[in-house]
Amino acid sequence: MSEAELADLRRSVEALGPWFHNIDLGEGVWTAPGHFLGDYPAVKWRRFSDALPADLTGRSVLDIGCNGGFYAIEMKRRGAERVVALDSDERYLAQGRFAAERLGCRIEFRNLSVYDVGALAERFDVVLFMGVLYHLRHPLLALDLIREHVAGDLLVFQSMLRGSPAIEPVPEDCDFWDMDQFERPGYPRLHFVERAYAHDVTNWWIPNRAGIEAMLRASGFTIEGRPESEVYLCRCAERPYGAAAAYPARGAKGDGAR
């Protein structure tokens with residue numbers, strides 16, 4: 001690559017910024033070299049990548065909340081026949097398209113939120129849902145929609161977790177007056193963020209470990225592995241009572257739209 005082409009590449013990266021995914025575009029050009037989490041998300045990917053199939057030949061992958069496209073690109077590098085990447089932020093989609101084209105990865109990027117996955121009318125062999133849940137006002141609905149519409153086999157899930165890592169055994173039922181369990185550190189819970197967390201007003205619900213594992217089961221997923229502290233490998237299972245997606249009506253003028 002000539003100096004002029006290299007300078008043009010760097011200008012394009014800067015024009016699309018700021019980036020949250022630090023992606024190696026070659027020629028010593030990275031999209032977010034000064035990331036506050038380091039080489040993110042590659043630093044996390046390296047801790048659980050061996051737990052995913054190394055060969056995805058012939059398989060379809062859906063990346064929900066793809067951001068700058070790091071995970072979608074990694075799936076294509078493993079030979080996935082079709083990769084569809086969703087985000088509701090046009091800036092992230094532009095970043096993803098740019099990075100994928102630069103790296104020679106054919107990925108279909110679409111502007112859809114997790115609440116709209118039913119519009120795809122398709123199930124995928126692998127669904128990635130990485131770092132999205134705590135940005136949602138309606139997290140359990142999102143999991144229900146994924147299970148009902150797009151999860152065909154494997155769900156790779158990641159969420160920020162806070163609170164106790166303990167897992168408190170929860171009975172099938174309990175007496176109305178048995179309130180002590182709610183005070184135990186390992187009881188399933190979601191921490192609600194009213195305003196902002198880590199300078200981010202899109203952080204709404206942050207689960208503890210028991211909480212997220214209970215939510216995955218309650219949405220009709222069985223947990224097969226936890227290769228990294230925040231990452232779960234799940235399979236579709238029979239949905240328990242009440243595990244069905246809801247479809248709130250939107251106003252004629254867009255009232256209630258995302």
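In which strand is the place of aspartate 87? In this predicted model, aspartate 87 belongs to strand E2, which covers residues 82-87. With a relative accessible area of 9%, under the 20% limit for burial, aspartate 87 is buried. Leaving aside residues up to four places away in sequence, the contacts of aspartate 87 include Gly65, Cys66 and Asn67, as well as Tyr92 and Leu93. Arg110, Asn111 and Leu112 are also touched by aspartate 87.

The setting of this residue is a protein whose secondary structure comprises six helices and nine strands. The radius of gyration is 19 Å, close to the 18 Å given by the globule rule for 258 residues, so the protein is as compact as a globular protein of that length. Along the principal axes, the C-alpha trace spans about 75 × 45 × 35 Å. Of the 258 residues, 45% are buried. When contacts between residues at least 6 apart in sequence are considered, 61% join residues at least 24 apart.

The accessible surface amounts to about 13,500 Å², and carbon and sulfur atoms account for 51% of that area.

Helix H3, formed by residues 70-77, is mostly covered, with seven of its eight residues buried. The buried set consists of Phe70, Tyr71, Ala72, Ile73, Glu74, Met75 and Lys76, and thus holds the charged side chains of Glu74 and Lys76. After H3 comes glycine 79, which has a positive phi, near 95°.

Strand E5 itself covers residues 151-158, and six of its eight residues are buried, so the strand is largely enclosed by the rest of the structure.

Conventions:
Residues are numbered from 1 along each chain as its sequence is written. This is a predicted model: local features need pLDDT of at least 70, side-chain atom pairs count only at pLDDT 80 or more; totals for chains, interfaces and linings use all residues. Side-chain values use heavy atoms; hydrogens and water are left out. Helices (H or I, at least four residues) and strands (E, at least two) are DSSP runs, numbered from the N terminus. The radius of gyration is taken over C-alpha atoms; the globule rule is 2.2 Å times the number of residues to the power 0.38. Buried means under 20% relative accessible area, exposed over 50%, partly exposed in between (1.4 Å probe, protein chains only). Contact means heavy atoms within 4.5 Å. Accessible areas come from the Shrake-Rupley method with a 1.4 Å probe; for residues, only the protein chains shown count as cover.
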